[in-house]
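Hi,

Here is the structure I promised to pass on. Have a look at it first, and my notes follow below.

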Amino acid sequence: MEVDGAVVVEKVAGKSAVTRCFSKYPLKFIIPRKVGPSKTDCVWIYTLNYGGGIVSGDSIACELTVKEGSTAVLTTQASTKVYKSRGEELSEQLLEARIGSDALLAVLPDPVTCFATARYAQKQVFRVGSGSSLVLVDWFTSGRHGRGEIWEFDLFKSSNQIFLEDGHPLFFDTVLLERGGINSIIERMHGYQVIAMVVILGPKVKNIRDQVRENVKMMMGEQLHTPFTSARGAQMKMNSDHLWTKPEIIASSSVFGPMGIGTVVRIAAMETETVYRFLQQQLASMETLLGVPPYK
């Protein structure tokens with residue numbers, strides 16, 4: 001596979017450092033010298049697209065290697081805009097990442113926003129070693145609200161695959177939304193404007209994984225709990241707003257992998273800022289690993 005960019009992170013003199021980095025149009029990497037306190041052992045990698053977004057027909061492939069014991073963050077400076085397609089032309093992005101033993105990779109992008117008629121597909125493949133840790137956020141919005149574009153893209157597809165070092169699959173997930181069919185995308189979304197997924201895997205983030213799972217369980221338990229009394233009709237009337245108002249955010253969590261080593265959280269929300277707040281709160285304790293709290 002010909003790639004448009006590649007980054008290698010490994011230990012140099014006991015610290016995580018970039019030992020290889022290249023990119024070509026339309027992809028660019030920005031790697032600050034330091035993010036957070038000097039004692040933090042983490043490399044932050046920002047991806048950018050020339051022109052501020054992904055143009056119809058773009059096909060961008062990059063590779064990322066986080067070697068043994070290293071820590072890296074792959075992120076963006078703003079939401080990834082996918083411009084209108086020319087006819088049936090598809091825009092594509094592919095990420096291939098390898099995470100070494102006792103290494104941590106956090107993929108923490110801003111959301112993808114597809115313009116009206118856009119056709120976009122992305123695939124992210126992660127190969128994890130013994131003791132590898134991964135935090136993956138993958139999310140997208142309904143479009144440009146300011147222009148009145150709400151779920152008006154033609155195609156959105158996002159695939160995430162995690163393989164063990166022996167090649168066995170650990171986690172496969174695909175989201176596909178395509179214009180057409182009996183119901184439109186906007187009808188299928190029932191008023192929700194943002195869809196997100198968070199994957200938390202591995203020993204370095206075990207405590208975060210367990211806490212997020214408990215937080216989601218508690219949050220949804222509170223939102224969906226309906227009190228009942230013997231005067232059932234009166235109680236339902238008193239709580240009619242509560243019963244019939246859609247929650248601003250819905251989340252679920254489940255475990256995967258041997259011994260439940262991974263957790264996946266799925267989210268639907270009315271507003272992008274609601275998901276930003278959710279991610280800030282749930283991933284805040286990653287500050288000790290990454291130098292700064294995610295999404296601040």
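Leaving out neighbours within four places in sequence, glutamine 93 is in contact with Asn49, Ile54, Ile60, Thr80, Tyr120, Ala121, Gln122 and Lys123 (contact means heavy atoms within 4.5 Å). Before I go on: this is a predicted model, in which local features need pLDDT of at least 70 and side-chain atom pairs count only at pLDDT 80 or more, while totals for chains, interfaces and linings use all residues. Residues are numbered from 1 along each chain as its sequence is written, and side-chain values use heavy atoms, with hydrogens and water left out.

Back to glutamine 93, which lies in strand β9. Strands and helices here are DSSP runs numbered from the N terminus (helices are H or I with at least four residues, strands E with at least two). The side chain of glutamine 93 makes a polar contact of 3.0 Å with the side chain of tyrosine 120. By polar contact I mean a pair of N or O atoms within 3.5 Å; within protein, one must be able to donate a hydrogen and the other to accept it, and residues adjacent in sequence count only if both atoms are side-chain atoms.

Seven strands make up an open sheet with mixed pairing, in the order β2-β1-β6-β9-β12-β14-β15 (two strands pair if DSSP finds at least two bridges between them). The edges are β2 (15–23) and β15 (169–178); each has a single partner strand, so one side of each is left without a neighbour in the sheet. On average, neighbouring strands are turned by 10° against each other, direction ignored (axes are lines fitted to C-alpha atoms, for helices over the stretch in contact, and angles run from 0 to 180 degrees between N-to-C directions). Within the sheet, β6 (residues 59–66) and β9 (residues 91–99) pair in the parallel sense over eight bridges, and valine 66 stands opposite isoleucine 99 in β9.

Which side chains does serine 158 join by polar contacts? One is glutamine 122, at 2.9 Å, and another is aspartate 138, at 2.6 Å. Beyond four places in sequence, serine 158 is in contact with Gln122, Asp138, Asp173, Thr174 and Val175.

Threonine 113, in strand β11 (residues 112–114), is buried as well, with a relative accessible area of 9%. Not counting residues up to four places away in sequence, threonine 113 touches Ser79, Thr80, Lys81, Val82, Thr141, Gly143 and Arg144.

On to the aromatics. The structure holds 13 aromatic pairs (rings of Phe, Tyr and Trp, the last by its six-membered ring, pair if their centres lie within 6.5 Å; planes under 30 degrees apart count as stacked, over 60 as edge-to-face and the rest as tilted). Phenylalanine 171 and phenylalanine 256 have ring centres 4.7 Å apart and planes at 40°, so this pair is tilted. Phenylalanine 171 lies in β15 and phenylalanine 256 in β17 (residues 249–256), so the pair ties together parts that are 85 residues apart in sequence. Phenylalanine 171 is buried at 7%, and phenylalanine 256 is buried at 10%. Elsewhere, Tyr120, Phe140, Trp151, Phe153 and Phe156 form one aromatic cluster.

Some rings also have a charge over them (NZ of Lys or CZ of Arg within 6 Å of the ring centre and within 35 degrees of the ring normal). Arginine 127 has its charged end over the ring of phenylalanine 163, 4.9 Å from the centre, and arginine 144 lies over the face of phenylalanine 115, at 3.7 Å from the ring centre.

Most residues other than glycine have a negative phi, and most peptide bonds are trans. Tyrosine 25 and proline 26 are joined by a cis peptide bond, with omega about 10°; proline 26 is in the loop between β2 and β3 (27–30). Histidine 190, not a glycine, has a positive phi of about 50° and counts as exposed at 52% relative accessibility. Tyrosine 295 has a positive phi of about 65°, but is buried at 13%.

Cheers

Terms used
Buried means under 20% relative accessible area, exposed over 50%, partly exposed in between (1.4 Å probe, protein chains only).
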